[in-house]
Amino acid sequence: MIASQFEYLKQFLKAKSGLVLTNEKQYLVESRLLPVARRHGHAGLAELIQAMQKPGAMQLCSDVVEAMTTNESFFFRDSTPFQHFREVMLPAMLKARADRRAIRIWCAAASTGQEPYSLAICLKEAAAKLAGYRVEIIGTDLSNEVLEKARNGIYSQFEVQRGLPIQMLLKYFTQKGDLWQINPELRSMVQWRKLNLLESFSTLGSFDIVYCRNVLIYFDQPTKVDVLQRIAKQMPADGYLVLGAAETVVGLTDAFRPVPELRGLYQPAQAAGTQGLVARSRFQVAG
Amino acid sequence: MKHCLVVDDSSVIRKVARRILEDLSFEISEAEDGLKALEACRKRMPDAILLDWNMPEMDGLEFLLALRKEYGGEKPVVVFCTTENDVAHITRAMRAGANEYIMKPFDKDIVEAKFHEAGLL
Ligand SMILES: C[S@@+](CC[C@H](N)C(=O)[O-])C[C@H]1O[C@@H](n2cnc3c(N)ncnc32)[C@H](O)[C@@H]1O
């Protein structure tokens, strides 16, 4: 691949999905996009790039974007975010929403569904405490392909053995040959939508708990800041944001503050109005 | 250091399992069938047992049932590791007192995840 081709793809992907490609990722681009090129009847990357720029190349362009995403996910990935869900977030929300009796959860880069389904399993295990509450889980992702798999809830033997205790596999899945499908009862607890985090998501409504894990790492700093700030706008002051193990808000935005002692957990910072007051009183003292 | 007994009639599988578990800081002993495993347990009860199902002399399920009746035999965390991958087998193993269950083929990630699940890591 020549430099100008790589440059074109870099800019294209940055604009379409936020993905930042460093120069040493050239091999990755080739290995992921050659199959896309072939599938669409193009001999190589040069032809693919040409075709992408012709009118009506929507499908091809979105296939290129999807092919470049990293979709790896596990059930109960990193375990603590789910321990925090059971022990901190859910009890806090049950109390705080005792009047409204409704809790809304968003998995903002849900990939093949393991994360929302892990939360659905946690909810099932806590069913007694949740009696009378309406809990919604919305899973969104940029990629149609992963959403399709998530909707079907069918996983390989390999996938169901990473993070899922055997008792939960027996309890919540049905074996289909070598594959395992999560039961309809759990599938019906999650709603799936296609959503690009670079675009507006204000119509999704307000969420009490947001899992946005292992997607910000692919973005550059301004994009991270933008997405985080727009997520904050969709959350009440007592809501919780959960980021991936390698992600943080620290040094990026003060729209969220880390929850002390609970790694990976954040809450929206004080409402803008209060912050203004603090700033003003400080100014007066100084003046 | 925790001690894990690897029970499998295939020396290749025992070797692979040993390498993975040693990386996870386990001390390893090996046995090639259920009977030998039971003898090993009588001499020294391990903290964990990685257990195949189909073996000559005494199979994994028979071994597990016998183990749980031994003095101190309730202590080891038993993780089945077998090509038997249907719900009926898994259910039988769990009822017999297994703690976790690995369906072969396995790799380091799966062993690590399952040992974590079983509280061994
Ligand atoms: C590594 S997976 C994370 C899955 C899950 N959250 C986890 O932590 O296991 C990252 C997902 O982010 C999605 N993604 C990448 N860019 C996106 C964007 N701009 N908008 C929405 N989803 C995006 C990818 O399609 C991929 O499924």
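Analyst: Happy to. One thing to look at is a salt bridge between the side chains of Asp220(A) and Lys14(A), with 3.2 Å from N to O. Keep in mind that this is a predicted model.

User: Thanks! How many salt bridges are there between domain 1 and domain 2 of chain A?

Analyst: The count between these two domains is 1 salt bridge. For polar contacts, 6 residue pairs are found across the interface of domain 1 and domain 2 of chain A, with both residues at pLDDT 80 or more.

User: And which helices of domain 1 touch domain 2 of chain A?

Analyst: Helix H1 (3-17) and helix H4 (58-67) of chain A each give at least two residues to that side of domain 1. H1(A) has the largest share, with 4 residues.

User: What kinds of residues are on that side of domain 1?

Analyst: The side of domain 1 of chain A that touches domain 2 has 4 nonpolar, 3 polar and 3 charged residues.

User: Let's step back. Where do the domains of chain A run?

Analyst: Domain 1 covers 3-69 and domain 2 covers 80-286. In the contact, domain 1 of chain A takes part with 10 residues and domain 2 of chain A with 11 residues.

User: What separates their centres?

Analyst: Taken over C-alpha atoms, the centres of domain 1 and domain 2 of chain A are 30 Å apart.

User: Last one: what area do they bury between them?

Analyst: Domain 1 and domain 2 of chain A bury about 770 Å² between them, and 54% of that is on carbon and sulfur atoms.

Technical notes. Residues numbered from 1 in each chain as written. Chains lettered and ligands numbered in written order. Predicted model: local features only at pLDDT ≥ 70, side-chain atom pairs only at ≥ 80, totals over all residues. Heavy atoms only, no water. Domains from an automatic or database assignment. Contact = heavy atoms within 4.5 Å. Buried area = accessible area lost by both parts, 1.4 Å probe. Salt bridge = Lys/Arg side-chain N within 4 Å of Asp/Glu carboxyl O. Polar contact = N/O pair within 3.5 Å; in protein donor to acceptor, adjacent residues only side chain to side chain. Nonpolar A, V, L, I, M, F, W, Y, C, P; charged D, E, K, R; others polar.
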